[in-house]
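Open the model in your viewer and keep the sequence panel beside it. We will go through it one selection at a time.

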Amino acid sequence: MNVPTEHLLYLSAGLFALGVLGFMVRRNVIVVLMCVELMLNAANLAFLAASRQHALEGKPALQGPVFAIFVITVAAAEAAVGLALIIALYRLKQSAETDAAAEMKG
Amino acid sequence: MNAQDLLQMFDANALRALAPLIALALGLVLVLLVGVFPLGRAVRATLVVASLAASAVLHGNLLLGGETPGKVLAGTFESSSTTAMWGLVFVASTLFAWLYSVRYYEEDAPFKNEHDALMLATPIGMMLMAGARDLLVFFIGLELLSIPLYALAAFRRDRARSVEAGLKYFLLGAFAAGFFLYGSALVYATTGSLSLDTLADPAARAALGQPMALVGVALIAASVFFKVSVFPFHLWVPDVYEGAPTPVTALMATGTKAAGFAFLMSALVLLPASTASTVALIAVITMAAGNFGALAQTDVKRMLAYSGIAHAGTLLLGVAGAIHGDPSNGGAVQASLVYMAAYVATAAGAFGLLALLERDGGPTTLESLKGLAQRRPWVASALTLFMLSLGGIPATGGFLGKYLVFSVAVRSELTGFAIVGVLLSVVALGYYLRVIIALYMQSPEHDANIPAPRPASAATTLASIVCAALVLATGVLPGWLLELT
Amino acid sequence: MQSHESHAWLWWIPLLPLIGSAIAGALHLATLRARKSDPQASAPASLAPWIACGAMLGAFVLSVTGFLELRDLEPSARALASTAHDWISIGGLDVDLGLVLDPLSSVMTLVITGVGFLIHVYASGYMKGDRGYGKFFAYLNLFVFAMLMLVLSSSLLGVFIGWEGVGLCSFLLIGFWYEKGWPAEAAQKAFVMNRVGDACFLIGSFLLIRLFGTLDLKTIADTVGSAVSFTDEQALHMSLAALFLFGGCCGKSAQFPLFTWLPDAMAGPTPVSALIHAATMVTSGIYLVVRLNPLFAASGWVLPLIAIVGALTALIGGSTALVQRDIKKVLAYSTVSQLGYMFLALGSGAWAAAVFHLVTHAFFKALLFLGAGSVIHGMHGEQDMHKLGGLRRHMPRTYITFLAGAAALSGLPLLSGFFSKDEILAHAFASGGLYYGLYYGLWAVGVITAALTAYYTSRMVALTFFGEERFDHHHVHPHESPLVMTLPLMVLAVLSILGGVLGLPPVLHVPHLLAEWLAPVTDAGNKILAASHREHHLSHTLEWILLGLGSAIALGFAHTGFYAHRHGTAQDEFFAHKRPTLAATLGDAWTIDSRYARIIVLPLRMLSFLIAVVVDQFAIDGLVNGTGRTARDIAQYSRRAVDGSLASYALWMGAGALAICALWMWS
Amino acid sequence: MELVLLTFLPLLGALAVLCTPRAAEGLQRGIALATTLAVAVLGVKLFLGYDAAATPYSFSLPWFQLPWRDGTPTQVHFSLAMDGISLLMVTLTAVLMPIVILSTWGHVEKRVKEFMVWMLVMQTGMLGTFLAVDLVLFYFFWEVSLIPLYFLVGIWGGEQRLYATVKFFLYTLAGSLLMMVAIIAILFDRGTSDRGELIAQLGQTPLEQQLWYFAAFALAFGIKVPILPFHTWLPDAHTQAPTSGSVVLAGVLLKMGTYGLLRFCIQMLPDAAVAAAPWMMALGAIGILYGALLAWAQTDLKRLIACSSVSHLGYVVLGLFALTPAGLSGGMLQMVNHGISTGLLFLLVGMLYERRHSRALDAFGGVATVMPLFALFWVFTVLSSAGLPGLNGFVGEYLILLGSFQSSPLWSVIGLTGVIFGAVYLLMATRKMLFGACTNPENQHLTDLNAREIVLMLPLVVLAVWLGVRPNDFMGKVEPDLAKVGRRVAEARQSTAALEPVTPLTEGVAAR
C-alpha cells in the first residue's frame, strides 16, 4: 500500500487541528492533556511522513524518526509531571475540571 | 552514521563546549544523591553553588579564553562567545533564584533536594536552547527547561494558587510545545532539514518562502513567543508568575525569557525580512499589553509579571530590528544580551525582595508596601533602584539595555515603532512610580496590623547586594558589559 | 558738540540723595528695632530729615555750581559729561552709563534740587510724628536720585532707569499710608498705567536703535539735526519712534488717555503730591520731548498729535477741576491741565516755552500743594473744601502764600504763570495756519482752559480761605503751620511771583533768558521746524493783543470765580442741582476712568479668569489629565482579556498563531 | 579635573550624609551645607578665573563604546567642558544651592537625611547637565536630575503632592524619552556623540531631518522650560513642592530646558532653529501674555509665582529664538535673572508659609505692618521680577524685547504686554498681601524675618543689584560663546533661503 505523503500530512493536520480544538473546548484536565498528546502525535506523524518522502527522494531522512522518538520520550516525561499536577489539583479542589484552576485572573 | 562516528562526535572541542552543561548535570545528580543521606542543608547548598560556579567559570573561560569551540556535535550545537555570555546570564539568573529560595519555603516544602535539583536542570535547558543549531536540540533544551519549571511552579502543592500556576503553565506549555513540534515538522517536510545552518543556505531559504514552511515558521515563532511571553501568547504570565513560588517566578521571568530570546536571535534565519514590521507591530502591542495590564494591578508581584511582558515586547522590537537588517553587525545580539543581563539582575532582585517581603506576611500588595521605607530602609531603597532600572532611568542597567534596543530599532528604520515604544515606557513609569510612592510617600493606614519585619537571610542579602551592584555597575560604567558582549 | 571732559563730580548730584536715602532707610530700620522695646520710639528716625535735607542741599549746591560752570562756557560748548563705565555692552547693544549736564538738564536739576529741597524742609514738619518718618525721607530722597538720573543720563536707557525709578518711588509714596487700603490701590494704578507708557517708551527705544544704532541722546539729536533729508522708511520709523516715546510721556506726564492715575495719586502725603505729582516727575515727559526735540520736529504728524492731546488734556483737566470738592483733587486736575498746556507748547514746537511753563508751574504748583498741605495739616486732615472756609484768619502766612500761587496759576498779569502760559498760547496761535487751521482751534481750547483755570483757582481760594467757617469748631481747631513749613511756602511764593523774568515776551524787548539758555539744545529742532516752515513769528501788535486778551480773561474769570464762591458752597449746590448730569460727568473727569474700568480692566480680568479656568484648567490640563485617565481606563479594560480561563488563553494563542500565519503569508 | 570635582563633590557629600545615623539631623544638615558651600566656593572661583580667550576647563575620558555601522563602534566619552554658557548656569547652581539648603532649616523637619541626600544628588545631576559635552552623558545627567525632585515633592510636598510629582515626572519623562530617540538617531547618523563635532557636522544633514531632531529636542526642553501649552505640570509641582524644592525647580531645573534649547536646538541645529524660529517666538510671546494673565487669576501665592514663571520663561524663549545677538544674550541673562528673582519669591513665600501655614492671598493683608523687613525684601524681589531698571530683571528683558523686535516686531510687542501685566499681577499680589489694614487676628502676631532668613537671601539680593548695575561683569564671560552661536545662526540664515531675511540694522540716518 502506498499512501501519498500529502494524505498523511492532511491526516496529521486534521489530528493537530482536532487536538487544538479539543484543548480549547474540553474542560476536563485529563482530556485536555490527551488533546495535547494528540497534537504531539500529529507532529510525529508529519515527521514520519516527511521523512519517508525525503527517503523516497534519496535525501537523508534520519532526522524525522529520531525527532519522533524524542517527542515520545518527552511526552512521557510531560505526562508524568502533568498527572502529578492533576492529582495535586484534585487533592485541593476535589475536581479535575479546568474551571477549578481559574482562581487567578485580571 | 555508525556508532564509531557517534563516539567521534564527542571530541575535545565538544567536551569543552558542553563542559558548563556537564558541570551542572553532575551537580544535579549529586544533589539528588546526597538527598538520600541525612547530610543537611550545607552540603546541598555547597553542591548547588559549586556546580553553578563551575559552570560560570567554564563559561567565563569560553568567553575570555581565546578561541571558542564553535559548532560541535555534527553542527547541532554551537559554543561561541555569545552563547558563553548567554550562559553566564543563565547561571546568574539561576543563582539569584536559588539564593532567594533558600529560606523561602521554610514551612511547607519538604522536598528541598528535588527543588534544588529541578532548579539546576533549568540552566542546562537554557544553554541548550541558546546554543542550539538544530531544532531538535532546541526542543530538548526547551523541555529540559520547561518540565522542571512546571514542577517548580506548583512546588507549594498545598496552595491552590501554586498548583493552579503549575497546571496552567504546564498545559499551555505543552500546547505551545505542540505548536513547535508541528511547526518543525512542517519546516522539515518542506526543506528536508532541521538544522538552522542548512536552513540558512539559499536553496533552503527559498523553500522557507513556501506557504507550508511559513506556517511552520509561524508556529515555531508562536511557541517561542509563548515562552518569552509575547502578545497574544502572554496571557498565562500574570497568573503563573503570581501563583508560582516567588523565587521560581524570578527564574521564569529572567532565565526563560533570556533563553527564548537567545534562541530568537540565533534563529533569525528562519524569519524572512518581510516579517520585520509584523514582528515590530507585535512587539509594540506586547509592550502596550504589558504596560497597561500592569497599570491596573495592585499586587506588586502580578504587576511585575505584566512588566515582564512589556520588557519582552521591548526586546522583541530589537529582534524586529535585527530581522529588518540592523546596519550594525551584531548590534542586535549585543543589545539583547545587555538588556537581558541588566534585566536578570533587576528583575531577579525585584522578585527576590518580594519573596523576602512575602515572608513578612501575605501578598505583596501596594497597600502592604506603604511606609516600608521607614521599616526596612535598605529593602526599600534597593526596590526603588530596581523599579527605576525596570523603568529604564539612567544610571541603572535598565537604561543601557533600553537605549541599545531602541538603537537597534532606530538603526533599522523602525523609528516609528521606537517612538511608540518609548511613549509606552512612560506608561510603565506610571506604575513603577506607584511602587516608589507606596514605599516612600505614603504611610500605612493601620500601623498595628503590620507584622514586624523578619531578618533577611544571608543568601537573600547577598543576592540583593549583588543584584543592586550589578544594576548600578551596568548603569554607571557600562563599558565592561559592552566589552564582554 | 558734546564735551568729553570727565566731570566725575557730576555723579555726586544724584549720588548724594541716594546716599541720603540709604541712611534714612537704615535709620528707619533702626527705629523699627527700637520700637520692639518701646512702641512709641521715634529716636533714630528723627535724624532722617536732617540727612535728607542735607543731601538735597548738597545736590542743589552742586547743581548751582554746575550751572555756573556751564554759564562760563561758550553756548555751543555748554555740556559737562562724565561716563562711569560702559554699562551694557551685550549682544550688540552698547550703552554707556553717563551723565551730561547741559543747559536743559541744568534747568531741570536746579528745579528738582531747589524745589525738592524746599519740599524736603517742609516735609520735615509736615510728616512729624508719622510712624514711617524715616521711611518717608528714604523714599523721597530715592525719588530725587531717580529723577536726577532721568534728567542727567546721557543715554535713553539711562533715562529709562530714572523713568522707571521715579515711577517706583511714586508707587511707594502714593501707597505710603498703605494701611488705609485705598492709597495702595491708587499706587498700583499709578504704577500700572505708567507701565503702559513705559512699554511704549521701550518700543520707541527699539525703533531708535534700529534707526540710529545707539541710544545716546546727544548722538540721536545731532544725527537728526544735521541730516539733510530722510527716506520715506526712515521718516516713518522716526515718526513711529516719536509716537511711541510720546506714548511713554503720556503715561508719565499724565496725558490723555493715561492721565487718570494722577488724581488718584493724591492719596499720598501732600509733600509727595507737591514734589512728584506737580513739580518734577510728571514733567519728565516734557523733558524727554525737549531733549529729543529734533526727532520730534522731524517726525511730521506726531507734533500736531501731541498738540491735540495736550489741548484735550488741558481742557479735560481744567473742566474737571471746576467741580472738585477735595482741595487736592482740584490741584491734581489743575496739574493735569497745566501739563496739557506744556504738551500743547511742545506740539507747537515751542520747546523753550514748554520748559518755561514747566519751571513756573513747578514753583506755583508746588507752592499750592504745600499750601493745601498746610491747610490740611492745620485742619487735622480735612481736605473737603466744603468743610473749610474762612481760614485766612487762622493761617495768615499760608493764606498769603497760597494767594500768590493761585494768582500765578490763574495767570494774573505779570506773575510767572501769566508769562509762561501766554507764551504757549502765542506759539499755538502763531502755528495757526498749519494743518487747515488746526492750531487756531487748539489755541482757542487753550484760551478756554485759561479761563477755566482762573475760575477754579479763585473758587478754590474763595472756598478755602473766605466765607464762613464750615468746620466743626468743637473738634477742629485750625492753626497756622510751624515755620519749617511756612518758610518754604514763602520762598516758593516769591519764585512764583518773580519767575516770569526767566522768559519775558519778545514785545518787551528784553531777552528771553530761558530760551537763550536752552538754545544749544533746542536749536536743532527749531532749525528743522523752520526748514519745514513751521516756525512763525507774530507781529508785535498781535502779540500785544494776545497778552491783553490773556490778562483780561485771567482777571475776568478769577473775579467771577471768586465772587461766585466767596460766600460758601451755594454756587456749587446750585450747579449740581441745576445740571446734575454735567456736574457728575465733570466730577468724574468726563467718566473716562470709570469707562476704563468697564471697557478695559473688566474684560481683561474676565479674560484672565477665562484663561485660568476654561483654557488652562479645563482644556489644556484637562487634556493632560485626560491622557492619564485614558491610560488607566485602557488598563482596566485590558484586564478583561486575562480572565483566568485556560480555554480562553488557548483560544488567544490559537488565534494569535493563525493571525501570524496569515500576516506572514500576506506580506 | 576641577569640573569633575565640582560635579561630584555634591555626590560625595550625599554619600557622607548617607553614612550618618538617622537621628543626627544636625550633622546631616551641616554636611549638606558644608558641601554646597564648598561647591559654591569652587564655582565662584571657576567663575572668577574664567577667561573665554584661554583654554576652557574641560575633562574627557573614554566612557564606553556603542555599536555603530558595520561593526565599527562609536566611542562615548565622559566629557565635561565649560564655556561661558555653561559657566553662568553652573555658577548659578553652585550659588543657589547653599541658600536652598539653609532655607530648609525652617520647613524640613522630617526625614532630614533623605532630604539632604536627594538635594545633593540633584545638584550633581544639574551640574552635570550643564557641563556635559557628550550627548549621551547629557541625557544621563538630564534624567538623573529628575529623580531627586520626584522624591522631594513626593515626600516633603503638600496635600496634592503625589498627583503633582507623578504628573511632573511622567510629563518630563515623555519629552525626554523622545529626545533619547533623537539622540540615538543623531548618534547613528553622525557616528559621534560629541557636541563639538556635532555642531560642526549636523549642518550637513538635510533640513528635514534636522527639523525632526529639532522637534524632538524642542519638545523635551519645551516641556521642561515649560513652554505653552506644556506648562500645566509646573503650577502643580511648584504649589506642592516644599519651598526648597520650588526654589531649585524655578532656579535651576527649569533652566535646564532653556539651556538645552540654546545648546542643542539653536547651537547644534541652527538651520532648523532658523526655520522654526517664528513658531518658537510665537510660543514664547504668547506664553508671556498667557502666563501673566494666568497669574493674575490665581489666589494661591505659590501658584501665582509658578504662573509668573511661565510668563518669565516665555521671555527667555522669545529672546533665544529671536536669534539675534541681543535676543540670545538677553535670553541667557534672563535665565539667571529668573533664577534669582523667582528663587527669592519662593523663599519669601516659604518663609511666610512657615509662619502662617497658608498661601491663600485672601488670608493675608497688612502683613507689611507686622513684618516690615519681610515687606522690604518682598517688594524688592517683586521689582526685580517685574524688570525694574537697575535691578537684574531689566537688562535681560530689554535685550530680549530688543532682540525680538529686530526679528519680529509683532511678537516683541505682544511680549511687551507682559511688562504691563507683570506689574499688574505682582503688584496685585503685593497689595493684597502686604498692604491694607492688618485685620486678620492670625496675621497680627507674625514675627518678622530672623537673621538666618535674611542672611540666606542676601547673596541673591546682592546678585540682583549687581546684575542690574553691572551686567557686563557676568555677560562679558558669555559673550564670546554666544557670539559663536550667533555667527552659526547667521550663516544658517543666509543658507536658508526659505526665510525672509531680517531687515538689518540700518546704520542710521547719519550714514547717508
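What radius of gyration does chain A have, against that of a compact globule of 106 residues? Select chain A in this predicted model. Its radius of gyration is 17 Å, while a compact globule of 106 residues would be near 13 Å.

Now colour chain A by secondary structure. You will find 3 helices and 0 strands. From the N terminus on, the order reads α-α-α.

Next, colour chain A by burial. Of its 106 residues, 42% count as buried. Then turn to the contacts within chain A. Take the pairs at least 6 apart in sequence: 51% of these contacts join residues at least 24 apart.

How many residues does each chain bring to the contact between them? Chain C gives 24 residues and chain B gives 29 residues.

Stay on the chain C side. Select residues 592-638 of chain C, which form α24, and then 646-666, which form α25. Each of these helices supplies at least two residues of the side that touches chain B. Which element has the largest share of that side? It is α25(C), with 13 residues.

Last, colour the chain C side of this contact by residue class. The residues that touch chain B divide into 17 nonpolar, 5 polar and 2 charged.

Methods: Residues are numbered from 1 along each chain as its sequence is written. Chains are lettered from A and ligands numbered from 1 in the order in which they are written. This is a predicted model: local features need pLDDT of at least 70, side-chain atom pairs count only at pLDDT 80 or more; totals for chains, interfaces and linings use all residues. Two residues are in contact if their C-beta atoms, placed from the backbone, lie within 7 Å. Helices (H or I, at least four residues) and strands (E, at least two) are DSSP runs, numbered from the N terminus. Ala, Val, Leu, Ile, Met, Phe, Trp, Tyr, Cys and Pro count as nonpolar, Asp, Glu, Lys and Arg as charged, and the others, Gly among them, as polar. The radius of gyration is taken over C-alpha atoms; the globule rule is 2.2 Å times the number of residues to the power 0.38. A residue is buried if 20 or more other C-beta atoms lie within 10 Å of its own, exposed if 12 or fewer, and partly exposed in between; C-beta atoms are placed from the backbone.
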